[in-house]
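Keep the view open beside you as you read.

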Amino acid sequence: MNFTIELARDAADREACARMMSESDPWITLGRDFARCLTAVSDSSRELYVARTGDGVAGFILLTMKGQFPGYITSVCVAASARSSGLGTQLVAFAERRIHRESPNVFLCVSSFNPGARRLYERLGFEFVGTLKDFLVKGYDELLFRKTIGPWSTFKPQP
Ligand SMILES: CC(C)(COP(=O)(O)OP(=O)(O)OC[C@H]1O[C@@H](n2cnc3c(N)ncnc32)[C@H](O)[C@@H]1OP(=O)(O)O)[C@@H](O)C(=O)NCCC(=O)NCCS
């Protein structure tokens, strides 16, 4: 599949991402409807990157670069019809390069009922940190993962 990953440009991009999210697990199970997903991807304190093909937005990754733990992958999603052909791996690799300009750590959470995504992150070198019990909704946990290139003490940010 031919695609480019770039910052979301406009409301149409954000709406495409929110639609993709709200029609897919884990967000269905977590009760995130289109409006909540649109709020999440429109948050100006975050960075929204889309994977664009000739047909439109095929996937996206949403990053948080602020706060005590910068470099958090808030959400990643690939259109159902485009899954399992490497796009998710490319989006995470893109996010790692972006984050490592400012931080040695990449963090993300995966829902306890999403073993497919967990398998992908472990294959990409993410390490399980701990369980956030009943974090988003009661009955399901969020599993915190981290991938690091070293401690802050030796990290050199790139301009
Ligand atoms: C997780 C996801 C972003 C991966 O994107 P992708 O383009 O399918 O990923 P790749 O082709 O690079 O890698 C395939 C791996 O993704 C995982 N995967 C595939 N389909 C999946 C799905 N429906 N849900 C979760 N993970 C899935 C599997 O680990 C798969 O590896 P396998 O074939 O050995 O089982 C994508 O499947 C998706 O959008 N899933 C639904 C939303 C989601 O779970 N997001 C992650 C939230 S933490």
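The points below go through the sheet, the helices and the ligand site.

1. A word on the basis. This is a predicted model, in which local features need pLDDT of at least 70 and side-chain atom pairs count only at pLDDT 80 or more, while totals for chains, interfaces and linings use all residues. Residues are numbered from 1 along each chain as its sequence is written.

2. Start with the sheet. Seven strands form an open sheet with mixed pairing, in the order β1-β2-β3-β4-β5-β7-β6. Strands here are DSSP runs of E with at least two residues, helices are runs of H or I with at least four, and both are numbered from the N terminus. Two strands pair if DSSP finds at least two bridges between them. At the edges sit β1 (4-7) and β6 (127-132), each pairing on one side only. From one strand to the next, the twist averages 30°.

3. β1 and β2 (residues 46-53) run antiparallel and are joined by four bridges. T4, for instance, has R52 of β2 as its bridge partner.

4. Two helices meet the sheet. α1 lies across β2, β3 (56-64) and β4, at about 90° to β3. α3 packs on the sheet too, touching β1, β2, β3, β4 and β5 (105-111), and its direction makes about 35° with that of β3. Contact means that the C-beta atoms of two residues, placed from the backbone, lie within 7 Å. Angles run from 0 to 180 degrees between N-to-C directions, and axes are lines fitted to C-alpha atoms, for helices over the stretch in contact.

5. How do α1 and α2 pack? Helix α1 (residues 11-22) and helix α2 (residues 34-42) make an angle of about 130°, and their axes are 8 Å apart. That makes α1 oblique to α2 (under 35 degrees is roughly parallel, over 145 roughly antiparallel, 65 to 115 roughly perpendicular, and the rest oblique). Among the residues making the contact are R14, E15 and M21 of α1 and F34, L38 and V41 of α2.

6. Finally, the ligand. It is surrounded by 18 residues, the closest being R83, G88, T89, G116 and L120; a residue is near a molecule if its C-beta atom, placed from the backbone, lies within 6 Å of it. β4 (72-78), α3 (87-99) and α4 (115-123) each supply at least two residues of this shell, and α4 gives the most, with four.
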